[in-house]
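Here is a short report on one protein model. Keep the structure in view as you read.

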Amino acid sequence: MTTINDLLRDKPSDIWTVAPDDSVYDALQLMADKNIGAVLVMDAGRLVGLLSERDYARKLVLENRSSKQTPVQDVMTQRVAYIAPSTEIEQCLALMTDKRFRHLPVMDNDKLVGLVSIGDLVKGVIADKEFMIEQLEHYITGH
């Protein structure tokens with residue numbers, strides 16, 4: 001089974017973060033520039049939250065608040081689930097499905113080492129299945 005650590009090896013190592021007192025506008029600009037759906041919120045090297053497009057839509061737009069005047073800490077998700085690098089992809093997918101979120105920080109001994117999205121996990125599952133099919137074909141055909 002493929003683990004999160006396996007996924008992180010094949011993924012760019014950039015982790016995009018903002019500070020709690022950054023404006024939501026600046027966080028959204030970063031997300032747009034990097035073509036990502038969420039950023040981690042870090043304070044003094046510690047993970048304190050996650051800001052997603054969903055947070056923006058539900059906690060800012062629907063409440064008619066200004067993205068330039070509102071700090072990230074006012075709308076971010078504060079209780080962020082995270083996973084270890086040794087976690088298997090299927091476990092992460094189950095967690096994301098159950099809790100209805102699309103991004104999971106990866107922590108190794110309280111150190112942030114990555115962020116995976118539902119898209120990353122789906123790609124990993126597809127790669128696993130394609131490998132299994134290839135192996136079965138070789139077994140069946142004797143090649």
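## A link across the chain

Lys 11 counts as partly exposed, at 25% relative accessibility. Buried means under 20% relative accessible area, exposed means over 50%, and partly exposed lies in between, using a 1.4 Å probe and protein chains only. Lys 11 forms a salt bridge with Asp 120, and the closest N and O atoms are 2.5 Å apart. Lys 11 lies in the loop between helix 1 and strand 1 and Asp 120 in helix 5, so the pair ties together parts that are 109 residues apart in sequence. Asp 120 is buried, with a relative accessible area of 16%.

A salt bridge here is a side-chain nitrogen of Lys or Arg within 4 Å of a carboxyl oxygen of Asp or Glu. Side chains of opposite charge can pair when their charged atoms come close.

This is a predicted model: local features need pLDDT of at least 70, side-chain atom pairs count only at pLDDT 80 or more, and totals for chains, interfaces and linings use all residues. Residues are numbered from 1 along each chain as its sequence is written, and side-chain values use heavy atoms, with hydrogens and water left out.

## Other salt bridges

How many salt bridges does the structure hold? There are six. One of them joins the side chains of Arg 9 and Asp 6, at 3.0 Å from N to O. Both residues lie in helix 1, three residues apart, or about one turn of the helix. Arg 9 is exposed, at 59% relative accessibility. Asp 6 is partly exposed, at 24%.

Arg 65 and Glu 63 also meet in a salt bridge, at 3.5 Å from N to O. Both are partly exposed: Arg 65 has a relative accessible area of 32%, and Glu 63 has 47%. Salt bridges with shared partners join Glu 63, Arg 65 and Asp 74 into one network.

## The overall layout

The protein chain has five helices and five strands. Helices (H or I, at least four residues) and strands (E, at least two) are DSSP runs, numbered from the N terminus. From that end, the elements run α-β-α-β-β-α-α-β-β-α. The C-alpha atoms fill a box of roughly 65 × 30 × 30 Å along the principal axes. Of the 143 residues in the chain, 38% are buried.

Two strands pair if DSSP finds at least two bridges between them. Strands of a sheet pair through backbone hydrogen bonds, either parallel or antiparallel.

Strand 1 (residues 17-18) and strand 2 run parallel, joined by two bridges. Here Val 18 stands opposite Val 41 in strand 2. Strand 2 and strand 3 pair in the antiparallel sense, over six bridges. Val 39 has Leu 51 of strand 3 as its bridge partner, and Ala 38 stands opposite Ser 52 in strand 3. Strands 2 and 3 form a hairpin with two residues between them, and Ala 44 in the turn has a positive phi of about 55°.

Is strand 2 largely enclosed or open? Five of the six residues of strand 2 (residues 38-43) are buried, so the rest of the structure largely encloses it. Strand 3 is mostly covered too, with six of its seven residues buried.

## Loops with a positive phi

Asn 64 has a positive phi of about 55°. Asn 64 sits in the loop between helix 3 and helix 4 (89-99) and is exposed, at 72% relative accessible area. Arg 100 has a positive phi of about 60°. The place of Arg 100 is the loop between helix 4 and strand 4 (103-108), and this residue is exposed as well, at 66%.
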